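Subject: Structure handover and notes

Hello,

Please read the notes with the structure open.

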Amino acid sequence: MRTQGGFAHRWFANGIEGRHVLMGLVAFFGVMFVANGLLVYYALGTFSGGDRPDPYRSGLTYNETIAAGERQAALGWHSEIAYDPAAARLTLRFADKTAEPVSGLRLDGQLTRPATNREDRALAFTEVSPGVYAADVALGPGSWVLSVESLLHQDGEPLHRLKRRLFVADRP
């Protein structure tokens with residue numbers, strides 16, 4: 001062993017001792033703590049984990065939220081979402097229980113990515129035909145979350161809330 005370059009002679013001349021085991025354990029767990037610390041840092045820095053700005057306050061008004069959902073279900077509105085990547089246009093169609101178009105709404109919309117808030121954007125919808133509302137927006141490929149509130153007048157309570165996922169395919 002002493003003739004092979006001196007490495008084994010210096011470090012393990014007397015075999016593996018307690019200090020060697022201690023240094024190995026400290027190095028192993030040190031690397032693990034640094035790696036986990038970096039992963040936690042980047043995970044917390046990129047996504048808050050919630051989809052509402054103040055979930056505690058939302059929970060306090062949960063009964064009102066349930067009542068609003070029941071009023072919305074009683075309306076019986078149906079909606080369709082379509083995105084045309086060539087025209088960069090997002091279209092919503094609203095119809096009532098009898099399949100008649102729902103006109104005269106003011107729509108406040110927001111488009112977000114499911115896992116980050118870096119590409120969040122507000123949408124301005126305009127009624128292009130009875131019951132059909134459109135917003136011009138260029139979307140990258142991938143998954144998006146569309147949130148829309150329908151209002152009948154400027155300062156009213158939302159009459160209809162819509163939250164749906166939208167998948168935009170990669171262009172060939």
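**Conventions**

This is a predicted model, in which local features need pLDDT of at least 70 and side-chain atom pairs count only at pLDDT 80 or more, while totals for chains, interfaces and linings use all residues. Residues are numbered from 1 along each chain as its sequence is written, and side-chain values use heavy atoms, with hydrogens and water left out.

Helices (H or I, at least four residues) and strands (E, at least two) are DSSP runs, numbered from the N terminus. Two strands are taken as paired if DSSP finds at least two bridges between them.

**Sheet 1-2-6-5**

Four strands form an open sheet in the order 1-2-6-5, with antiparallel pairing. The edges are strand 1 (78-84) and strand 5 (126-129); each has a single partner strand, so one side of each is left without a neighbour in the sheet. The twist from one strand to the next averages 30°, where axes are lines fitted to C-alpha atoms (for helices over the stretch in contact) and angles run from 0 to 180 degrees between N-to-C directions.

Strand 1 and strand 2 run antiparallel and are joined by seven bridges. His-78 has Ala-95 in strand 2 as its bridge partner, and Glu-80 stands opposite Arg-93 in strand 2. The two strands form a hairpin with four residues between them. On its other pairing, strand 2 is joined to strand 6 by five bridges, again antiparallel; here Thr-91 stands opposite Ala-134 in strand 6.

**Sheet 4-3-7-8**

Another four strands form an open sheet in the order 4-3-7-8, and the pairing is antiparallel. Strand 4 (121-124) and strand 8 (160-168) stand at the edges with a single partner strand each, so one side of each has no neighbour in the sheet. Neighbouring strands of this sheet are turned by 25° against each other on average, direction ignored.

The pairings in this sheet are as follows:

- Strand 3 (residues 106-112) and strand 4 run antiparallel, with four bridges; Leu-111 has Arg-121 in strand 4 as its bridge partner.
- Strand 3 and strand 7 run antiparallel, with seven bridges; the bridge partner of Asp-108 in strand 7 is Glu-149.
- Strand 7 (residues 142-151) and strand 8 pair in the antiparallel sense over nine bridges; Ser-143 is bridged to Phe-167 in strand 8.

**Core**

The largest nonpolar core has 21 residues, and Phe-94 and Phe-125 have the most contacts inside it. A nonpolar core here is a set of buried Ala, Val, Leu, Ile, Met, Phe, Trp, Tyr and Cys residues joined through side-chain atoms within 4.5 Å. Buried means under 20% relative accessible area, exposed over 50%, and partly exposed in between (1.4 Å probe, protein chains only). The elements giving two or more residues to this core are strand 2 (89-95), strand 3, strand 6 (132-136), strand 7 and strand 8.

**Ser-79**

Ser-79 lies in strand 1 and is buried, with a relative accessible area of 14%. Which residues does Ser-79 contact, leaving aside its neighbours within four places in sequence? They are Arg-93, Phe-94, Leu-162 and Arg-164, where contact means heavy atoms within 4.5 Å. The side chains of Ser-79 and Arg-164 are also joined by a polar contact of 3.1 Å. A polar contact is a pair of N or O atoms within 3.5 Å; within protein, one must be able to donate a hydrogen and the other to accept it, and residues adjacent in sequence count only if both atoms are side-chain atoms.

**Helix 4 and positive phi values**

Helix 4 (residues 62-75) has 14 residues and should span 20 Å at 1.5 Å a residue; its end C-alpha atoms are 20 Å apart, which agrees. The expected span is 1.5 Å times one less than the number of residues. Gly-76 follows helix 4 and has a positive phi, near 75°.

Ala-88 is not a glycine, yet its phi is positive at about 55°; its place is in the loop between strand 1 and strand 2. Ala-99, also not a glycine, has a positive phi of about 70°. Ala-99 sits in the loop between strand 2 and strand 3 and is exposed, with a relative accessible area of 62%.

Regards
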